[in-house]
Structures are given as structure tokens and as C-alpha cells.
Amino acid sequence: MDKESIVLGSGDLYCADFQGTNEAIPDDAVIETEDNRLGHIKGGAEIEYAPEFYEAKDDMGKVSKVIITEEEATLKSGIMTWCGTTLEKLCQTARVTEDKAKGIRTVKIGGIGNATGKKYLLRFVHKDTQDGNIRVTIVGNNQAGFTIAFAKDSETVIDAEFKAQPMDKEGTLILYTEDIDKTE
């Protein structure tokens with residue numbers, strides 16, 4: 001029987017450019033670097049899978065057939081540590097420029113003609129030294145926009161919602177991996 005475990009705690013969220021369905025998913029060590037950290041997160045992360053079905057049924061309810069017609073997957077997380085370059089990954093129309101001499105980074109957001117169409121590989125890693133690590137990977141982009149709230153009594157957390165797009169020719173939306181006991 002497979003070992004089941006209780007999953008407790010949050011994890012780390014990484015984000016890297018991803019070109020498309022012909023590209024292989026990079027090794028964990030390539031993805032899970034400080035340079036690829038989207039930011040430290042608050043409120044954890046959640047992956048949501050939502051299928052849609054069509055049911056064909058006769059008038060008398062004696063025969064029916066159900067098929068899956070659509071699938072949607074989203075990865076949601078609150079990003080607590082961020083900067084202007086983070087906004088570029090959350091908004092397809094964001095443009096970042098830096099003036100190193102003045103020490104200023106400028107982010108322009110908006111203008112549909114500025115949309116990059118970029119896709120990102122997003123990896124959430126839940127680390128568990130006792131039961132083993134869990135990794136959830138999707139390819140997509142933030143399609144929920146964002147809100148930046150500055151409040152006197154709490155940290156500013158940007159909630160991101162990345163909608164998954166197929167990451168391979170099989171149409172995979174979510175890649176879930178977990179550590180299991182090794183066999184000899």
C-alpha cells in the first residue's frame with residue numbers, strides 16, 4: 001500500500017520563462033533557485049482543477065453517457081515579497097526600465113498593444129523532511145490581474161492567480177510530483 005501522509009505548511013513559489021509545449025520541463029535544481037523565486041508567499045498556495053462534463057440522457061432516464069468537455073486549472077498564491085520586476089511576471093502589459101545611475105526602476109502597466117503573451121513555468125514546492133517533498137508545476141500566466149493594497153497595519157500581499165495552459169503535447173495542465181520511498 002502507498003504511504004499516505006498529512007501535509008502541513010506552505011512552501012516556496014518559483015517562476016521561470018517557458019517557451020511552449022515542445023520544451024522539456026527543466027530539472028528541479030534549474031527551476032528551484034533564488035533567481036527564479038517569484039517572492040516569499042503568505043497564505044500558502046492552492047491548485048484548483050475544475051472539469052466540465054456533458055451528459056447525454058434519454059427522456060426516460062434509462063440510458064446516459066457522460067464525457068468530459070473542458071478542463072481548467074489555476075494556481076493561486078499570495079506574494080508577500082516583491083518588486084517591480086515581479087509585476088512584470090504578473091501583468092502581460094508591464095514594461096520595466098531601470099536607471100542605475102539614479103537608482104530608479106520604473107514599471108509601466110497597461111496598453112493592450114504592449115502585451116507580451118509570455119508564458120511562465122510556475123513551481124510550488126512544499127518541503128517536508130519527514131514525509132517527503134511535494135512539487136506542483138503548471139505552465140501559464142496570471143489572468144486575474146492584481147491588487148496592491150497599502151495598509152497601516154498589515155503587509156502588502158499581491159494575490160496572483162495563474163491559469164494553466166497545456167505544458168506538453170498530451171495537454172497536461174498540472175504536474176504533481178511527490179517523494180516516495182526508494183526501492184533497491
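Val 66 has its place in strand 4, where strands are DSSP runs of E with at least two residues and helices are runs of H or I with at least four, both numbered from the N terminus. The model that contains this residue is predicted: local features need pLDDT of at least 70, side-chain atom pairs count only at pLDDT 80 or more, and totals for chains, interfaces and linings use all residues. Residues are numbered from 1 along each chain as its sequence is written, and side-chain values use heavy atoms, with hydrogens and water left out.

Val 66 counts as partly exposed because its relative accessibility is 47%; buried means under 20% relative accessible area, exposed means over 50%, and partly exposed lies in between (1.4 Å probe, protein chains only). Together with Tyr 49, Phe 53 and Ile 68, Val 66 makes a nonpolar surface patch of about 410 Å². Two elements, strand 3 (41–57) and strand 4 (64–79), each give two or more residues to this patch. Patches are made of residues with over 30% relative accessible area and no salt bridge; like charges are joined within 9 Å, and nonpolar side chains (Val, Leu, Ile, Met, Phe, Trp, Tyr) within 5 Å.

Strand 3 and strand 4 are also partners in antiparallel pairing, over 15 bridges; two strands pair if DSSP finds at least two bridges between them. Among these contacts, Ala 50 has Glu 72 of strand 4 as its bridge partner. The hairpin of the two strands has six residues between them, and Gly 61 takes a positive phi near 70 degrees there.

The wider chain may now be considered. Its secondary structure comprises two helices and 10 strands, and the order from the N terminus on is β-α-β-β-β-α-β-β-β-β-β-β. Taken along the principal axes, the C-alpha atoms fill a box of roughly 75 × 50 × 40 Å. Of the 184 residues in the chain, 30% are buried. The accessible surface comes to about 12300 Å², and carbon and sulfur atoms hold 49% of that area, as computed by the Shrake-Rupley method with a 1.4 Å probe, where for residues only the protein chains shown count as cover. Among contacts with a separation of 6 or more, 60% join residues 24 or more positions apart; contact means heavy atoms within 4.5 Å.

Charged side chains form a further theme. Side chains of opposite charge can pair when their charged atoms come close. The structure holds 12 salt bridges, each being a side-chain nitrogen of Lys or Arg within 4 Å of a carboxyl oxygen of Asp or Glu. One of them joins Arg 135 to Asp 28, with the closest N and O atoms 3.3 Å apart. Arg 135 lies in strand 8 (residues 134–142) and Asp 28 in helix 1 (residues 28–31), so this pair ties together parts that are 107 residues apart in sequence. Arg 135 is buried, at a relative accessible area of 12%, whereas Asp 28 is partly exposed at 32%.

Another salt bridge links Glu 34 and Arg 37, whose closest N and O atoms are 2.7 Å apart. Glu 34 is exposed, with a relative accessibility of 55%, while Arg 37 is buried, with a relative accessible area of 15%. These two residues belong to a network of salt bridges that also includes Asp 12 and Lys 127. Glu 98 and Lys 100 form a salt bridge as well, their closest N and O atoms being 3.2 Å apart. In this pair, Glu 98 is partly exposed at 39% relative accessible area, and Lys 100 is exposed at 71% relative accessibility.
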